[in-house]
Amino acid sequence: MIYNEREMRLLRIGIFYDGNYFYHVSNYYCYGHPRKSRLSIPGIHEFIKKYIAIQENINPKFCQVVDCHYFRGRLPAMEANERQILLNERVFDDILMREGIVTHYLPMSRGGEKGVDVSLALEVLELTIFKKFNVVVLIASDGDYVPLVRKLNSLGTRVMVLGWDFEYTDDNGNQRYTSTSSKLMNDATYPIRMHDVINGTKKIPEVCPDMLFVNQQSPDNQYVPAPGENLYFTDESSENPAQPPRLRGRIVQLRGGYGFISTDIPSKNLFFFIEELRNCDFNELQIGDLMEYEPGMNDRGECCKNITLISHAAPR
């Protein structure tokens, strides 16, 4: 076969994952969608190459992923082990390693991950300048990435955004909605609404939706959900973000205007201020009261926020 000059120029693709968002979407298809299967990273990469080859009108042989990075906040090892998710994290690390994906983990606490979007944006911009990607692929949904996309456009780099819109019901029975920023999609060269591809409402030549999912024989199918794993997490990337998780614990200490509430981790109690109480008076509280709260952060570190009283301690 004879290729023309345009077809023989290698088109360089860089792929960047917002890991928290990808994990959320993959959970949805595993637990909340009729497919009951996780997204396949090799399948997504193959889809990206095929789609870009069609859009750029080049032979797929000259359309290659040359760099791939995955960003996510991660709990300390001891806490991950206590939550019984350490093995699953290692299994997923093996999947990323097999695909040659560079991982970037930032410290995460009960208050959530911080700074991941900034780290991702800086890495994308630096690598695009030095490695001269022709196309940057963002697997993300947050409108905070819009300035990055516009900067990449100014460098002459095309941007492909893979986004999903879907509804699901969390473990508390609340209806949730995840969507990709419309501004992010509008500024991308190749915006792809992946739910349309998967549901068959958008047809792409030589692309079968099945290729985007893990099959039973795949090495990626080693993943086993941890006890209590579900769809529910703080989705900061959605235009309609999910609310922070509500946890429960008992009051273990009370002082003048503040106190401490127990957690599911032995010997770890969280601080709270009187200002965070919502349906009760501080002077009515007593040791042993069952409280519900949102984990958060303040200038002292981890703490309880938006606290409600569930029930008073039983009389002694």
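**Close-up views of the predicted model**

**Figure 1. Strand β5 and its parallel neighbours.** Strands β5 and β6 run parallel and are joined by 5 bridges. Within this pairing, Leu138 stands opposite Val161 of β6. The structure shown here and in the other views is a predicted model. Strand β1 (residues 11-18) also runs parallel to β5, and 5 bridges join these two strands. Together, β5, α7 and β6 form a right-handed β-α-β unit.

**Figure 2. Side chains of strand β5.** In β5, Val135, Val137 and Ile139 point one way. Val136 and Leu138 point the other way, and the residues of both sets are buried.

**Figure 3. The salt bridge between Arg158 and Glu56.** The side chains of Arg158 and Glu56 meet in a salt bridge, with an N to O distance of 2.9 Å. Arg158 belongs to strand β6 (residues 158-163) and Glu56 to helix α3 (residues 41-56), so the pair ties together parts that lie 102 residues apart in sequence. Arg158 is partly exposed, at a relative accessible area of 24%. Glu56 is buried, at 7% relative accessibility. Side chains of opposite charge can pair when their charged atoms come close.

Figure 4. Glu294 and Arg246 form a salt bridge in which the closest N and O atoms are 3.6 Å apart. Glu294 lies in strand β13 (residues 290-298), while Arg246 lies in the loop between α9 (194-199) and β10 (247-255); the pair links distant parts of the chain, 48 residues apart. Glu294 counts as buried at 14% relative accessibility, whereas Arg246 counts as partly exposed at 25%. Both residues belong to a network of salt bridges that links Arg246, Arg248, Glu292 and Glu294.

**Figure 5. The salt bridge between Lys268 and Glu302.** The closest N and O atoms of Lys268 and Glu302 are 3.3 Å apart, and the two residues form a salt bridge. Lys268 sits in the loop between β11 (258-262) and β12 (269-273), and Glu302 sits in strand β14 (residues 301-311), so the pair ties together parts that are 34 residues apart in sequence. Glu302 is partly exposed, with a relative accessible area of 25%.

Figure 6. Ile129, Phe130 and Leu155 make a nonpolar surface patch of about 330 Å². Leu155 lies in the loop between α7 (146-154) and β6. The relative accessible area of Leu155 is 42%, and this residue is partly exposed.

**Figure 7. The whole protein, for orientation.** The protein has 9 helices and 14 strands. Of its 316 residues, 49% are buried. The protein exposes about 15,900 Å², and carbon and sulfur atoms supply 50% of that area. Among contacts with a separation of 6 or more, 70% are between residues 24 or more positions apart. The structure holds 13 salt bridges, including the one between Arg158 and Glu56.

Key
Residues are numbered from 1 along each chain as its sequence is written. This is a predicted model: local features need pLDDT of at least 70, side-chain atom pairs count only at pLDDT 80 or more; totals for chains, interfaces and linings use all residues. Side-chain values use heavy atoms; hydrogens and water are left out. Helices (H or I, at least four residues) and strands (E, at least two) are DSSP runs, numbered from the N terminus. Buried means under 20% relative accessible area, exposed over 50%, partly exposed in between (1.4 Å probe, protein chains only). Contact means heavy atoms within 4.5 Å. Accessible areas come from the Shrake-Rupley method with a 1.4 Å probe; for residues, only the protein chains shown count as cover. A salt bridge is a side-chain nitrogen of Lys or Arg within 4 Å of a carboxyl oxygen of Asp or Glu. Patches are made of residues with over 30% relative accessible area and no salt bridge: like charges are joined within 9 Å, nonpolar side chains (Val, Leu, Ile, Met, Phe, Trp, Tyr) within 5 Å. Two strands pair if DSSP finds at least two bridges between them. A crossover is right-handed if, with the strands pointing away from the viewer, the path from the first strand over the helix to the second runs clockwise.
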